[in-house]
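Got a two-chain model open and wondering where its labels come from? Let's go through some of them, one question at a time.

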Amino acid sequence: MANLQYKGLSEINGPLIALDHVSGVSYEEMVEIALEDGSRRYGRVVQIEGDKAIVQVFEGTSGMSLDNTRTRFTGRPMEIPLSPELLGRVFNGAGRPIDGMGEVYAKQYGDVNGRPLNPVSRTYPRNYINTGISTIDCMTTLIRGQKLPIFSGSGMSHNKLAVQIVRQAQITGEDNASFCVIFAAMGVTNDVADYFRRSFEESGVMSKVVMFLNLSNDPIIERILTPKCALTAAEYLAFEHGMHVLVILTDITSYCEALREFSSSKGEIPGRKGYPGYLYSDLASLYERAGIVAGRKGSVTQIPILTMPNDDITHPVPDLTGYITEGQIVLDRSLEQSGCYPPIGVLPSLSRLMKDGIGAGFTRDDHSAVSNQLFASYAKVQDARALASVIGEEELSKVDQMYMEFGRMFEKFFVSQGADENRTIEQTLDLGWKLLSLLPIEELDRVDNEILKKHYVENAAQEFQEGRS
Amino acid sequence: MNKGNVIYSINGPVVTVRNASGFSMMEMVYVGAKKLIGEVISISNEVTTIQVYEVTTGLKPGETVEGTGAPLCANLGPGILRNIFDGIERPLKDIEKASGHFIAEGSSAPSLDQEKKWDVTLKVKPSDSVSGGMVYASCPETPAVEHRCLVPPALSGTITWTAPNGEYTVQDVIAKVRDKKGVEHQLTLCQRWPIRSPRPVSRRLPISRPLITGQRVLDTLFPIAKGGTAAVPGGFGTGKTMTQHQIAKWCDADIIVYVGCGERGNEMTQVLDEFSELIDPRTQRPLTDRTVLIANTSNMPVAAREASIYTGVTLAEYYRDMGYHVAVMADSTSRWAEALREISGRLEEMPAEEGFPAYLPSRISQFYERAGYMETKCGAEGSVSIIGAVSPQGADFSEPVTQNTKRFVRCFWALDKSLAYARHYAAINWNLSYSEYLDDLAAWYNREVDPKFMDCRRQITSLLGEENKLMEIVKLIGADVLPDYQKLILEVAKVIRVGFLQQNAFHKDDTYVPMIKQFKMMEVILYLYKKAKNLVDFGVPVNFIRETGLFDSLIKIKYEVPNDHLEQFDGYFQEIDRKLEALSKPESTPAAME
């Protein structure tokens, strides 16, 4: 049966083709389509109605006609070959090698759709990852097994930030040897893909990187498979070979647009902004593949990057992502414009898993106190700034002026740091306390008196103020 | 050529059968060779539509569909507590044993442990007449909860035989009943109930008691009653799940049903971990002893997500019928509504608002109406309270799920992004939230906590209201130009916001605050306001009062006064008297006297 070929098609519509009078077709199985010119395309069954099957063609349908194809149903869902030799290789969006080094010798095949991880088989992630970036380490701590997206906009430095996280995260921790990166590009430009490749090479991690590239000029339907292939590889390396895998998915917005295009060509009823109603479930099936399996050594940590259209955080893509992921790192365009790198907007950023991965035994006992206080004080800075924009800074009360000063110093010395600067957690926390000393001690209402006594040193921030003048 | 009922078409979780025979609406069916569980959702002359609760990858047309003759049912019996189920009550721990870390299609396992022996005490004897809802046996399900086996609601008759007290599994027959028609029925420890039908009760009782959660902003400002309904809407990162966790941990219900509906897998792991470590202050047992988890995470099949809410509330009703107070946490009902939308879209139904089906409001109301304070059929009192999280798209409360939920719940705890950004938790906005139970519960608060309670609460809310108005002015021209009595309102409102409303879930004393301490805190804040207001009326500047440090010391009461040493409040009253006394002496306030 598997070798039975069907000649011709009954309908072609966008990336979808329909075949009549087929039998024994199973839902979501892989399809191979041979064209007359000898080229081969692949597809997937997306709907069956009686003896009619609708197939989604990954490479697109251009050049296909109703009678120049031979279609073969493989009888299996989409699978990719898996082996530790994936490391160092480059694949296209559908998991086929494009680095000219031949096929991967497969130890086993993995269904790219994966299966839901049983909630009782998960281990709650607690092991924190030191990224050396103050705003992330102190205020939105990244945890091994977490999914923490970067919400960015076009033209902001999310790629630079992602590279810095990869470079600095991999040199901490006891079992550094088993660290690897899986990079899935969906609809990014050649330049961006190249930037990542060069950066990985320069920091000497290329042999520990697997790349899945679906660039912006590659077929759009293949884009829907790219993250699934990448995560299948990640799960294999993490849970079969005990590696700590960091998966970078960029750009999720392009992925969702591909999904929308596919959905509308299938004639589905659209939800918000034309995205299909199942966008949440679909994104969840990607993001939920991060985690740690009880009794296995490895972990899958995800950093999806998405560009918010028009910097709108309520757009369906960032919105649904935020509901699934365990926090978010939000980049702020006004910080970016003021020359601050990394331009992390501290207030809307959040790490949900941080509370259990910090404190005594993980980072330092005063960590949650200092980060809570920084959040609260920086939130007040925004109020003071709003007021200052109306009545002018000179007219502000003394305390509000102190907040203005604190806000400036915080952005200049805490948020901002060099692309190569790797701060230890102690440096970061001490820096936080020093900056808090710009405020009178009564204003620090989020901290126990005991901790405050231990860490609050008046005038500790003078070095910053002197440095400024 | 009819080969029986076979699959005709497949589209995601929706499967159709042509020219089917013998199916009834809402009947549970087994689909395909792997025996995936599904449910009949529409029948027409030609086509029967089935929604499948599992991944349909690999399904083929022509595979058989087998009916079970019964609607989708929950198995009710001892062994529910401490367990973790998926949306259609399959025990996840047993599924892990059967299919490994990743859930395979068609895995099945009985809901209740079939091997475990329970120490059963019979409550009836032969020739007793029994009717639906009566207790015929009981066994300790966990050290904290006694499980009472109830005669199925539709059955009544005379007991003809009982087993001796002793150890039995859930399938052992322990009693026999002859009904009026002379048919003999066997009673075991378990029974089945269709998840989409509410279990019957004798009557609904008026609402009179609060569900105490230990969270100040809820208990004091926006209380929910036992048998009440509440919605917790909020954008991502505003603390919906955190609020639900806090309530599940500390509220004074006997049983907690926690439904993780389309949420994160790690969150469910966290609940499992945390609840087994935390000790219930009332029973001195781990919280898991009174908890059942239903986990249908966002990557698990969407149709089972739709069912999980009903499974949860059916389990809750079962324990209510035993005479317990049950709280259901549904996190999040938006995911459930989206599951409805997704299936409705696959059925090509005509969409209403934002693609949601037109029957969304009626489904939401059917769900929330299953809450209530009831007299059960065995004469006991029990309640089901439902607290549903809502995840509005783009944190926009005007979207259909939030709006429709608002119509059917009586408590609305609106979470606020700007409070969450400032790490003010619980981030419940006191200007947007409301509770319609205040009038019903006022008598209870005044009787059980303090006669002045409702009065204090009113003063607190009016101060917050005043502050809200003043902030409009402050935003434009700054606080310095306000007259002193208004500055005082701002100072006191800050104490209320930071010292009272904001609560630290990770602090050992602050995570749960008993009602009497909540009242004392209000009382001391209002006392300071009253005394300070007198001084201000005499012309003492607010700055002087601020410099006494009284405001700051009141803000820290929540940490400084342990929950079991409330006598320390007296010290604060004295301190207020002493320090303000000093200010009222002429020599200390020369400026004011001029």
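Predicted model: local features only at pLDDT ≥ 70, side-chain atom pairs only at ≥ 80, totals over all residues.

Q: What makes Glu263(B) buried or exposed?
A: Its relative accessible area is 4%. The cut-off for buried is under 20%, so Glu263(B) counts as buried.

Q: And how do you know which class Arg335(B) falls in?
A: Arg335(B) comes out at 0% relative accessibility, so it's buried.

Q: Why is the pair Glu263(B) and Arg335(B) called a salt bridge?
A: The rule asks for a side-chain nitrogen of Lys or Arg within 4 Å of a carboxyl oxygen of Asp or Glu. Here the N to O distance is 3.8 Å, and that makes it a salt bridge. Glu263(B) lies in the loop between β20 and α4 of chain B and Arg335(B) in helix α6 of chain B, so the pair ties together parts 72 residues apart in sequence.

Q: What about Arg264(B) and Glu267(B): buried or exposed?
A: Both are buried. They also form a salt bridge, with the closest N and O atoms 2.6 Å apart. Arg264(B) and Glu267(B) belong to a network of salt bridges that links them with Glu263(B), Arg335(B) and Glu338(B).

Q: What makes Arg333(A) and Asp311(A) a salt bridge?
A: Their closest N and O atoms are 2.5 Å apart, and the limit is 4 Å. Arg333(A) sits in helix α8 of chain A and Asp311(A) in the loop between β17 and α7, 22 residues apart.

Q: Why are Arg333(A) and Asp311(A) put in the class they're in?
A: Arg333(A) has 28% relative accessibility and Asp311(A) has 34%.

Q: Why is helix α6 of chain A called mostly covered?
A: Of its 9 residues, 8 are buried. Leu279(A), Asp282(A) and Tyr287(A) are among them. The cover includes α4 and β17 of chain A together with α5 and α6 of chain B.

Terms used:
Residues numbered from 1 in each chain as written. Chains lettered and ligands numbered in written order. Heavy atoms only, no water. Buried < 20%, exposed > 50% of the residue type's maximum accessible area, 1.4 Å probe, protein only. Helix = DSSP H or I, 4+ residues; strand = E, 2+ residues; numbered from the N terminus. Contact = heavy atoms within 4.5 Å.
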